[in-house]
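Work through these exercises with the sequence and the model side by side. Try each task before reading its solution.

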Amino acid sequence: MDDQTRIELEAAAFRRLRQHLMEDRTDVQNIDMMNLTGFCRNCLSRWYQEAGAEKGIEMSKDEAREAFYGMTMAEWKANYQTDATPAQQDAFQTAFAENVEKS
C-alpha cells in the first residue's frame, strides 16, 4: 500500500471513530473511556490540536474540543455528561496519572 492510500485510510478510520463517539455513542462517558482505555474525547481533541500545531495551525483547547465534539464543551456537558461516582473519580485519578501526565 502506498503512503497516500494509508494516510487516507487512517483519516477515514479517525473520522468514523469521531462520528461514533460524537453521534452514535453519546451515552459513553469520558471518565469511563479514560478509566478503561487510557484516553477519552478530550485526549483525542488534544491530539488533534497538537497535530494542528505541528502543521503551524494554531487553535485553542476550546476550539479543538468543539471541532471534535461538534459543539462547545458546555453544550456537550449539558446534553450528555452525567455526574461521576466516587469510584469512577478514584479510577480516573489513576488512569489520568498513568496515561496523560506521562505524555
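**Exercise 1. List the residues that line the second largest pocket, then describe that lining.**

Step 1. The lining consists of Ile 7, Glu 10, Ala 11, Phe 14, Leu 44, Trp 47, Tyr 48, Ala 51, Gly 52, Lys 55, Ile 57 and Met 59. A pocket here is an open set of points on a 1 Å grid over the protein atoms alone, where a 1.4 Å probe fits, with protein on both sides within 12 Å along at least five of seven lines; lining residues have an atom within 4 Å of a point.

Step 2. Keep the source in mind: this is a predicted model, local features need pLDDT of at least 70, side-chain atom pairs count only at pLDDT 80 or more, and totals for chains, interfaces and linings use all residues. Residues are numbered from 1 along each chain as its sequence is written, and side-chain values use heavy atoms, without hydrogens and water.

Step 3. Assign the elements. Helix 1 and helix 3 each supply at least two lining residues. Helix 3 gives the most, with five residues. Helices are DSSP runs (H or I, at least four residues), numbered from the N terminus.

Step 4. Sort by class. The lining has nine nonpolar, one polar and two charged residues. Ala, Val, Leu, Ile, Met, Phe, Trp, Tyr, Cys and Pro count as nonpolar; Asp, Glu, Lys and Arg as charged; the others, Gly among them, as polar.

**Exercise 2. Which residues of helix 4 are buried, and what covers them?**

Step 1. Ala 64, Arg 65, Phe 68 and Tyr 69 are buried. The cut-offs are under 20% relative accessible area for buried, over 50% for exposed, and partly exposed in between (1.4 Å probe, protein chains only).

Step 2. These residues span an arc of only 120° around the axis, so they sit on the same side of helix 4. The arc is taken from the directions from the helix axis to the C-beta atoms.

Step 3. Their cover includes helix 1, helix 2, helix 3 and helix 5.

Step 4. Look just past helix 4: Gly 70 has a positive phi of about 80°.

**Exercise 3. How many salt bridges are there, and how exposed is Asp 3?**

Step 1. The count is five. A salt bridge needs a side-chain nitrogen of Lys or Arg within 4 Å of a carboxyl oxygen of Asp or Glu.

Step 2. Asp 3 pairs with Arg 6, with the closest N and O atoms 3.8 Å apart. The two are three residues apart in helix 1 (residues 3-24), which means about one helical turn between them. Asp 3 is exposed at 52% relative accessibility, and Arg 6 is partly exposed at 35%.

Step 3. Arg 16 meets Asp 24 at 3.0 Å, N to O.

Step 4. Asp 27 bridges to Arg 25 at 2.8 Å. Shared partners also link Asp 3, Arg 6 and Glu 10 into one network.

Conventions:
Contact means heavy atoms within 4.5 Å.
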